[in-house]
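Me: I have a model open and would like to talk it through. Could you take me around it?

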Amino acid sequence: MSKYAANTAPDVSWKDLTRACDIYEPATSEVVETGDWRVMKPVIDWSKCKQCLLCAPCCPDMSIPVNAEGKREDFNYFFCKGCGICANACPFGAITMVKNKD
Amino acid sequence: MAIRERLSGNEAIAYAMKQINPDVMGAFPITPSTEIPQYFATYVDNGEVDTEFIAVESEHSAMSTCIGAEAAGARAISATSSCGLCYMTEMLYIAASDRLPITLAVSCRALSGPININNDHSDAMGVRDAGWIMLFAETNQEAYDNYLMAMRIAESVNLPIMICQDGFITSHAIENIDLVETEKVQEFVGERPLDHYLLKPQETMAVGAYATPVYYMEAKRAQAQAMIDAKDAIRKVSKEFGDMTGRYYDLIEKYEMDDAETAVIMIGSSAGTAKEAIQDLRAKGHKVGLIKVRSFHPFPDKEIVDAVKGLKAFAVMDKDDSFNGHCGPMYAETCAALVAAGVSAKAINYIYGLGGRDVKVSSIEKVFAELEEIAKTGNVGETYRYLEVRE
């Protein structure tokens with residue numbers, strides 16, 4: 001039985017699931033891919049981005065990481081569901097929603 | 001030495017609970033199961049048990065209480081009837097799919113309407129797809145015995161279990177009963193085997209996770225396997241119980257089936273009435289028998305198929321109607337088992353005893369008379385029948 005959610009992938013057999021999908025570890029939100037059903041995805045144009053950081057707190061998940069220097073980095077598509085809030089929040093048109101082709 | 005007593009079915013269940021001394025009870029009163037938490041609350045108040053008794057505001061909350069307690073690692077119990085069981089339904093599914101071996105005593109009662117407080121099986125049958133193991137008792141003794149076996153069975157497959165008896169007919173009737181000594185009960189029931197539970201030190205745990213479509217079916221398949229495995233668990237625990245008490249139980253009980261030509265299949269207290277009818281008919285030379293179903297879920301499919309092989313005709317008796325226009329739930333399950341085994345049979349379905357309608361020895365004799373007519377003529381006629389309804 002795969003004990004950890006981190007090791008549980010969509011090819012897991014019913015025999016290897018934890019009982020009742022119970023979770024035996026903390027902070028599984030960091031290891032479980034929640035961006036796998038995205039239809040649209042945000043793409044950033046760095047030439048337009050002013051690092052105003054209005055986008056980062058708008059993200060309902062953890063898809064816009066901000067580094068130690070206080071600069072936003074590229075999208076984390078492991079979590080991004082393509083909701084498009086960031087694209088709406090950006091005052092400079094630096095974020096465009098495009099069709100997800102992954 | 002076993003203790004000879006005289007107890008009602010509800011008292012017998014409450015006494016079994018007291019002997020087991022579980023950790024948590026969440027319960028809400030409803031006729032005819034009210035006495036169970038009432039007696040048990042007295043034990044709690046007298047300090048005869050260590051159980052945390054939680055007086056909740058509804059059956060939905062009663063089952064929620066049990067779910068939380070059982071997930072935490074406790075042994076949790078409840079008792080209910082009729083619309084109380086209906087009101088628990090949402091949480092019954094959670095208990096089963098979270099694989100929590102809760103024990104629920106059910107004193108079966110009709111559902112409204114018309115409003116009725118008497119016995120039939122429409123409450124228990126209404127929640128038959130919730131994923132619970134369901135054992136039914138013919139007598140107070142069986143209700144007590146099933147209860148003593150319940151936790152061992154449930155905990156060995158991580159599924160919740162319902163211990164059903166007939167409301168009023170056994171729940172309120174006082175019968176002679178053999179009780180097991182409390183020390184023996186505690187040794188037999190033992191401690192709940194625990195691997196993962198919420199209050200386990202050094203392990204973070206989440207119960208009741210969300211499963212996306214890629215995982216949900218696998219989780220359900222695993223749950224289905226637990227119910228398949230429950231058949232062996234029931235047999236194993238029942239054998240151990242028999243070795244301790246001399247009272248042996250199986251998934252089904254066959255009564256006068258060795259040379260039977262016609263038979264009835266039924267659940268609950270009316271099986272006792274059928275036994276009386278069978279004795280009377282056998283004295284007159286009729287080769288009649290009974291298959292009493294103790295475990296409704298898991299359904300004893302192969303066992304019933306084996307038992308009905310060679311019968312000229314039989315009737316499946318449902319104390320409930322599915323209102324699907326053609327049969328009750330026991331008949332549906334029995335016929336599915338027969339088809340899967342490639343066995344054809346002359347089988348009719350009787351809906352009987354609804355809302356406390358008295359089932360007499362003569363009622364069962366009427367069923368056998370119909371069966372013997374079918375055996376003689378080979379003509380089954382209408383399979384969906386109501387027993388002794390006024391035309």
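This is a predicted model: local features need pLDDT of at least 70, side-chain atom pairs count only at pLDDT 80 or more; totals for chains, interfaces and linings use all residues.

Me: How do α1(B) and α6(B) cross?
Reply: The axes of α1(B) and α6(B), residues 140–157, come within 8 Å and cross at roughly 30 degrees. These two helices, α1(B) and α6(B), are therefore roughly parallel to each other. The crossing of α1(B) past α6(B) is right-handed.

Me: And which residues are involved on the two helices, α1(B) and α6(B)?
Reply: On α1(B), the contact uses Gly9(B), Ala12(B), Ile13(B), Ala16(B) and Ile20(B). On α6(B), it uses Asn140(B), Ala143(B), Tyr144(B), Tyr147(B), Leu148(B) and Met151(B). Sorted by class, the contact of α1(B) with α6(B) has nine nonpolar residues, two polar residues and no charged residues.

Me: Now to α2(B). Which of its residues are buried?
Reply: In α2(B), which covers residues 35–45, Glu35(B), Ile36(B), Pro37(B), Tyr39(B) and Phe40(B) are buried.

Me: What covers the buried residues of α2(B)?
Reply: The cover includes the helix α1(B), 9–20, together with β2(B), 24–27, β4(B), 76–80, and β5(B), 103–108. Just after α2(B), Gly47(B) takes a positive phi of about 75 degrees.

Me: Where is Gly26(B) placed, and why is it called buried?
Reply: Gly26(B) is in strand β2 of chain B. A residue is buried if 20 or more other C-beta atoms lie within 10 Å of its own; Gly26(B) has 25 within that distance, so it is buried.

Me: What does Gly26(B) touch, leaving out residues up to four places away in sequence?
Reply: Gly26(B) touches Ile54(B), Val56(B), Ser61(B), Ala62(B), Thr65(B), Cys66(B), Ala76(B) and Ser78(B).

Me: What about Val288(B): buried or exposed?
Reply: Val288(B) counts as buried because there are 28 C-beta neighbours inside 10 Å. Val288(B) sits in strand β11 of chain B, residues 288–293. Leaving out residues up to four places away in sequence, Val288(B) touches Glu256(B), Ala260(B), Thr262(B), Ala263(B), Ile278(B), Leu281(B), Arg282(B) and Phe368(B).

Me: How far is Val288(B) from Lys275(B)?
Reply: Val288(B) and Lys275(B) are 13 residues apart in sequence, and C-alpha to C-alpha they are 9.8 Å apart in space.

Me: Let us turn to the domains. How is chain B divided?
Reply: The domain assignment of chain B gives domain 1, 3–245, and domain 2, 252–386. The centres of these two domains of chain B, taken over C-alpha atoms, are separated by 28 Å.

Me: How many residues are in contact between domain 1 and domain 2 of chain B?
Reply: There are 24 residues of domain 1 of chain B in contact with 19 residues of domain 2 of chain B. On the side of domain 1 that touches domain 2, the elements of chain B giving two or more residues are α5, 122–126, β6, 133–136, and α8, 213–245. Of these, α8(B) gives the most to that side, with five residues. The residues on that side of domain 1 of chain B divide into 12 nonpolar, seven polar and five charged.

Me: Finally, how many residues of chain B are in contact with chain A?
Reply: 18 residues of chain B are in contact with 13 residues of chain A. The largest share of the side of chain B that touches chain A comes from α8(B), with six residues. By class, the residues on that side of chain B divide into nine nonpolar, four polar and five charged.

Methods:
Residues are numbered from 1 along each chain as its sequence is written. Chains are lettered from A and ligands numbered from 1 in the order in which they are written. Domain bounds come from an automatic or database domain assignment. Two residues are in contact if their C-beta atoms, placed from the backbone, lie within 7 Å. Helices (H or I, at least four residues) and strands (E, at least two) are DSSP runs, numbered from the N terminus. Ala, Val, Leu, Ile, Met, Phe, Trp, Tyr, Cys and Pro count as nonpolar, Asp, Glu, Lys and Arg as charged, and the others, Gly among them, as polar. A residue is buried if 20 or more other C-beta atoms lie within 10 Å of its own, exposed if 12 or fewer, and partly exposed in between; C-beta atoms are placed from the backbone. Axes are lines fitted to C-alpha atoms, for helices over the stretch in contact, and angles run from 0 to 180 degrees between N-to-C directions. Angles under 35 degrees count as roughly parallel, over 145 as roughly antiparallel, 65 to 115 as roughly perpendicular and the rest as oblique. A crossing is left-handed if the near helix is turned anticlockwise from the far one by less than a right angle, and right-handed if clockwise.
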